[in-house]
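Here is my note on the strand pairing. Please read it with the model open.

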Amino acid sequence: EGYRRAPMYLVASRNTDGEDLPCRGTILRACRSGVWCGLAGALAAGAVLLASSGPTRVAPPEFAHEARGFLGLADNETDPDAEYHRECAEFGENCWMSRCCKTPRHTCFMKDGMWAGCMSECIPGVQKSDTAKVQTPWSCYIVPMHGEVLPKPDMVSDTTRPLIRDEALDNDLSIEFGTFPTLFCFVVIRSKTYEFSLAEEQYALKGGIFQCEEWSVLSDHRAELSPGVSTTVLGDLSTGSGKDTHFANVAIFTRAFDLLRREGRMMARDFVVKVDPDAVFMPFVLKREILRHTTGDSAPNIYFKNCDFQHQLWMFGAVEVLSSAAVKAYFEGRDSVCRSGLEYDKMGEDTFLSKCLDLLGVEAVKDLDLLADGYCNEAPGSCNTNQVAYHPFKDRASWAACFRSATNAARWERVVALK
């Protein structure tokens with residue numbers, strides 16, 4: 001199915017007077033304006049051309065820890081701002097190493113196997129703003145913060161196309177709003193962090209949970225998403241110490257579920273969906289997936305496992321999908337069966353919820369099309385694989401770019417089907 005080339009290190013440069021200079025900044029921050037960097041070659045056998053007849057994985061390189069994220073190897077770190085992510089790239093610098101940009105409105109877009117740049121938008125093809133010597137096409141693949149860094153060989157980027165607007169096509173594509181399966185979707189955010197700005201962006205685009213029949217944004221403090229539209233106060237969102245691989249946040253989501261049950265709207269819908277604020281979530285794609293696993297017009301007692309992590313099947317917290325019957329079982333057995341049988345104060349909420357539902361006899365349904373995530377052996381890439389959620393995108397620009405791509409991909413798929 002083709003070859004994949006890992007990015008190569010740039011180790012020497014020359015200024016416009018022909019003088020040899022070391023590259024400035026970190027290894028991969030090659031000098032662009034008036035300076036070009038010579039290629040010394042790959043530093044590890046893992047960074048060579050790889051052939052594959054199936055999903056390709058890049059072999060781990062042999063260099064220092066700070067480069068581990070470079071080839072897209074998922075780490076078990078709980079802090080998204082790990083050491084090799086902290087020095088985000090400036091405009092005009094290579095963002096391959098950091099996978100992030102200092103300017104909030106910029107996204108790290110891939111040009112080719114040696115360069116990725118921080119820009120507010122990216123149009124696939126040759127950019128006239130590039131110097132003559134480097135006027136080669138940009139792929140415009142969104143470099144993910146976690147997971148495999150390289151796109152699939154047949155990747156075609158459409159992250160910067162305008163949204164396809166066709167009312168007739170939308171009506172044909174979407175399962176009718178308000179009919180089975182109906183969704184209640186919610187997100188929990190910290191109002192003084194990037195999570196609030198993501199929720200603002202999603203509301204402005206009417207994307208993510210705001211495409212569900214019912215939705216709720218819970219936060220530590222009251223915040224206004226738009227004039228007259230405010231979050232629901234959940235209170236303190238501090239987490240426990242947990243373990244090396246997760247935060248102990250079960251109590252937060254226990255309070256969230258209890259608040260939503262008291263409010264009353266949640267249990268009136270067929271399925272309940274909890275979404276992480278940095279996940280690009282496509283509700284109409286989820287409805288399609290639910291219909292693949294159900295018959296009739298009532299929700300069975302099920303929940304979905306969406307992640308293949310370390311050769312085990314998990315319900316990963318970026319998007320959690322439970323039927324109303326499963327939520328009812330959760331409320332009936334959480335404080336008795338589950339709290340006594342599980343490490344309530346030491347677990348991540350997604351692990352606790354999944355194991356709790358298992359203890360209560362709720363059927364777990366495997367569906368890996370629910371989530372594209374670097375920790376689940378499938379990085380979100382250009383968000384055009386017609387999956388339910390893509391994770392993570394921690395700034396407004398990259399979230400919006402992924403949302404545009406995912407929306408267009410779903411609509412293009414329908415256009416092809418109609419033809």
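1. Start at Leu-371. Its bridge partner in β24 is Ala-389. Strands here are DSSP runs of E with at least two residues, numbered from the N terminus. This is a predicted model: local features need pLDDT of at least 70, side-chain atom pairs count only at pLDDT 80 or more, and totals for chains, interfaces and linings use all residues. Residues are numbered from 1 along each chain as its sequence is written, and side-chain values use heavy atoms, without hydrogens and water.

2. Three bridges link β23 and β24 (residues 389-391). These two strands run parallel. Two strands count as paired if DSSP finds at least two bridges between them.

3. Turn to β16. Is this strand buried or exposed? Five of the five residues in β16 (residues 271-275) are buried, so the strand is largely enclosed by the rest of the structure. Buried means under 20% relative accessible area, exposed over 50%, and partly exposed in between (1.4 Å probe, protein chains only).

4. Both faces of β16 are covered. Phe-271, Val-273 and Val-275 are buried on one side. Val-272 and Lys-274 are buried on the other.

5. Which strands join β16? Strand β9 (residues 183-189) runs parallel to β16, with four bridges. Phe-184 stands opposite Val-272 there. Strand β21 (residues 319-323) runs antiparallel to β16, with five bridges. Here Val-273 stands opposite Val-321.
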